Amino acid sequence: MPYNIAMVSDFFFPQPGGVESHIYQLSTKLIDRGHKVIIITHAYKGRTGVRYLTNGLKVYHVPFFVIYRESAMPTVFSFFPIFRNIVIREQIQIVHGHASLSCFCHEAILHARTMGLRTVFTDHSLFGFADAGSILTNKLLKFTLSDVDHVICVSHTCKENTVLRASLDPLMVSVIPNAVVAENFCPLSYAPRANDREHGALSELRPQPKPIGPNDIITIVVISRLFYNKGTDLLIAAIPRILASHPNVRFIIAGSGPKAIDLEQMLERNVLQDKVEMLGSVRHEEVRDVMVRGHIYLHPSLTEAFGTVIVEAASCGLYVVCTRVGGIPEVLPQHMTTFAKPEEDDLVMATGKAIGALRSNKVRTDRFHDQVKMMYSWTDVARRTERVYGGICGDISPEEFYGYYPGQGWEASGDRVRSFALIDRLKRYYGCGVWAGKLFCLCVVIDFLLYVFLEMWFPRANIDIARSWPKKLNQQEEKLKARTNRDPGTSS
Amino acid sequence: MPSLLGSPPIPPPVPDESHPNRVGGSRSHSPGEQRALPDPNRLAPEDAYYAPSLLKARAAAAAKANRDDSLRTLKGNGNSAAVATLRPLSAVSKPDAEKDVRSVRGTSRRRRRRKGAWKKLLWVKQSYPDNYTDTETFLDHLQRNPRVRPYDFWPLVADSTVIVQHVCSVVIFICCFVGIVQGRVSPVSVVCWGSVGTAVGWILWDAWAKADESASGPERVVEGDTGSSSSSVVDSTHPSGTGQKDSQVQGLGLSMGSSLPGPNRYGDSRVSESISPTANAIHQYPIPPEPSRPLRLSSRNRQRLSTVKSAFLIYFALLGLSPILKSLTKSTASDSIWAMSCWLLIMNIFSFDYGSGEGAGATKFPASLSTNAAVMASTVLASRLPSTTHVFSLMLFSIEVFGLFPIFRRQLRHISWTGHVFLTLTLVIAAGGAVGCTLRGGWAAAVVGSILGSILTALAMGGCSWWLISLQKYKNVVIGPWDPARPIIRRHWD
């Protein structure tokens, strides 16, 4: 059953980034599966109002005051009138928020619950529990997620983190990883196999990439924003030692950030300019062109929920050396990666091991692309997300959706199907904390009164219904549909 | 996938272990065993739901295991509080909450065998739904209170003497100021007594340094050489005590030489390198071990000379500055001055470096913040005084109290514990007496004040220590793989 879905996040194009492309890819694939998807984000510079992207993806850029790093001002209520208008206009059934640092997303989930819509939240990042910023974010997250219908996390580590941060029922949290568009991350020597069946022998003839000799130059690629939490300090410490012990190694570093100065100082102090190439920041579509110049991808990050970039690197046929932090160990199989502890010595050692493995031609990097293509695809992500939508809308029975695990201890709470009754919602919010619970209840009550007021002042009847983008059924699907229609007839 | 039919064997091998993070050792014992003896450091997923019942079971199991007593109670208590804070929403009361955990295990394992083990991996296509939560691996890397160290009462009280000392010296300074303003105490006598104390302290300190030098023998010369050069590069985490003292020597040289009396609490000589190159240069000569003895003695004397020299420098600089300082804040109302000096002294007390100068992580505020606040407080206070002599005396006294006295105190604590306790006692009595004197006047009031002050201080020390220990049960540090890793980087500054 097709749904009308609104993706809400502060972060969307034209700003580049992981969350942004996640939203875009997921929306596109959901549209391909027959759903109607709109995106609500705040206005970016020079981009206000309604825009259509490819495939009829409609984007609402709502004018809003931006305070910090493209996050909207948290005003709790001021977004409600226009949000209600959009939701009614587009006949939305499911509101899907993204990113825990996005105020837009939190507000939208609150208002959507008040309006009686199903909500989903996708968490893309990991947070600790110690520092003041995290504590505040966690409290806010708890507020929103007390009443959300389902949560999606990008890795199992992220799920554990979110469950702890927001005190959620673990069965209400699904793990659906990010994906990559494998076609955009092909290795240099990759011939598309679309016509393999016709020319079966051709795939055998496909030129094998020539093996790396003992004295060939091995290039290590690093593409990351140069921030502390991306492990740039480790990188700075490791590069001179790697280069000292492996003379035929070159580095390509792409990305910019506050640590770029330290990196350059290190290069100057050790006179490594001819061995290390600094490219500055590259655009996302150029990433592949940088990656295919190298043999090893080095990822020294200190925290990472998923690490899409290492999947992209593996897809480009690079051997990956990465730190064993966050969700990274779950992402790629052993034969594509060498793990290191987040320590300088271990990173140097792991890189040395990776170089040795490549030189002895033990690693079949030419197969990586096809393997990654099988592991991660946005179509798969969309299919799994669709199951979540089905579960929360009641199209999949709760027993099937949440699973029946006798004796596992999970079947405890009967509160998974969240009712919209105000008193039930208040009960859920009240449990958030001694003071916070009362404050949250107050917010919810005001939100409800605001909703009643808006219903009276701007009645639904006066809001026009927007016409949906005409759906394009491709021939294959039509054929499929015809077949499924015919099937019952033939069987009976 | 028709397009992939003709491809070589692509599917990557699916590993046996369920999580790549797991090391072989943790897999070796069966999960049943693991469950029987729950690690109190870990939160099992059931904790989320059956907080009360499970905690009881866990506490019982923990009681069976004979662990360190204090640590266990601490962590056990921490557990209950932690679950309560982590899980306020999960107040789901269930009739079958007291189900046997073992049978749960059994059924889950049977089922798993049927379906194939779930793996904590993202790249494997699994037959489990996306929201499947594996009881065994879920949150298995969570640690709580991993680095917690239970406090003992008496060591805590002993450590609090440092704070008491500083607060007392601040109180004494304030009382002296009040006495001077009210005309009950002559500023010259105050500064004379202060200077006598400083001189005695310096002589003691010098004797310690000398004893230390002769005690560690000739090999210290070489070490002192390398030590000083390394202490200029390594920051405060200098491991060797000799290097510590060595830099203390330079620390005093700095505080005297640079009319900015900062107790050099970093224990490094980076600052002094920039300010007083002569003092440092002595140490950086590559001295051969044998013929160094006469040179070293002269270096000692030269250091003394430079100390005396800088003392005179400060003395005359203050003398010259006094008229300016006197009229510096004349246009400011007295009320503002009192408020400001109050805040500045509070800032001094709170940002003062109470560490012994050895720990690495103790340096959150620069030590100069504390000293600067105190000196500024005395500067603004000095401008309320009637004459240049008054101003000069107060300023000199403040430098002695806030700049030099902390260095002496730290060194004393390092050298002799009895002396430290004795000094604390003296300071407490003196501060109490001074407060009594200031409030009432007369010797009787001073005696009553010192007795009252001592009792109050002892109560406060005990009470605060007890309070801190009792607060420990609320400690709930949750650490897991989601925390940003702390990179371990070896520093090389070649």
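**Exercises on a helix crossing and a strand**

In this predicted model, helix α16 (residues 417–439) of chain B passes α17(B) in a right-handed crossing.

**Exercise 1.** Determine how α16(B) and α17(B) are oriented to each other, and which residues of α16(B) meet α17(B).

*Solution.* Begin with the axes: those of α16(B) and helix α17 (residues 443–471) of chain B come within 7 Å and cross at roughly 130°.

**Exercise 2.** Work out whether the residues on the two faces of strand β9 (residues 150–153) of chain A are buried or exposed, and find the bridge partners of Ile152(A).

*Solution.* In a regular strand, side chains alternate between the two faces of the sheet. On one side of β9(A) lie His150(A) and Ile152(A), on the other Val151(A) and Cys153(A), and all of them are buried, so that both faces are covered. For the pairing, strand β8 (residues 118–123) of chain A runs parallel to β9(A) over 4 bridges, and here Thr122(A) is partnered with Ile152(A). Strand β10 (residues 173–175) of chain A is also parallel to β9(A), joined by 3 bridges, and in β10(A) the partner of Ile152(A) is Ser174(A).

**Exercise 3.** Find the handedness of the crossover from β9(A) to β10(A).

*Solution.* The chain leaves β9(A), passes through helix α5 (residues 156–166) of chain A and reaches β10(A) in a right-handed β-α-β crossover.

Definitions and conventions. Residues numbered from 1 in each chain as written. Chains lettered and ligands numbered in written order. Predicted model: local features only at pLDDT ≥ 70, side-chain atom pairs only at ≥ 80, totals over all residues. Buried ≥ 20, exposed ≤ 12 C-beta atoms within 10 Å, placed from the backbone. Pairing = 2+ DSSP bridges. Right-handed = clockwise from strand over helix to strand, strands pointing away. Axes fitted to C-alpha atoms, helices over the stretch in contact; angles between N-to-C directions. Parallel < 35°, antiparallel > 145°, perpendicular 65-115°, else oblique. Left-handed = near helix turned anticlockwise from the far one by under 90°. Contact = placed C-beta atoms within 7 Å.
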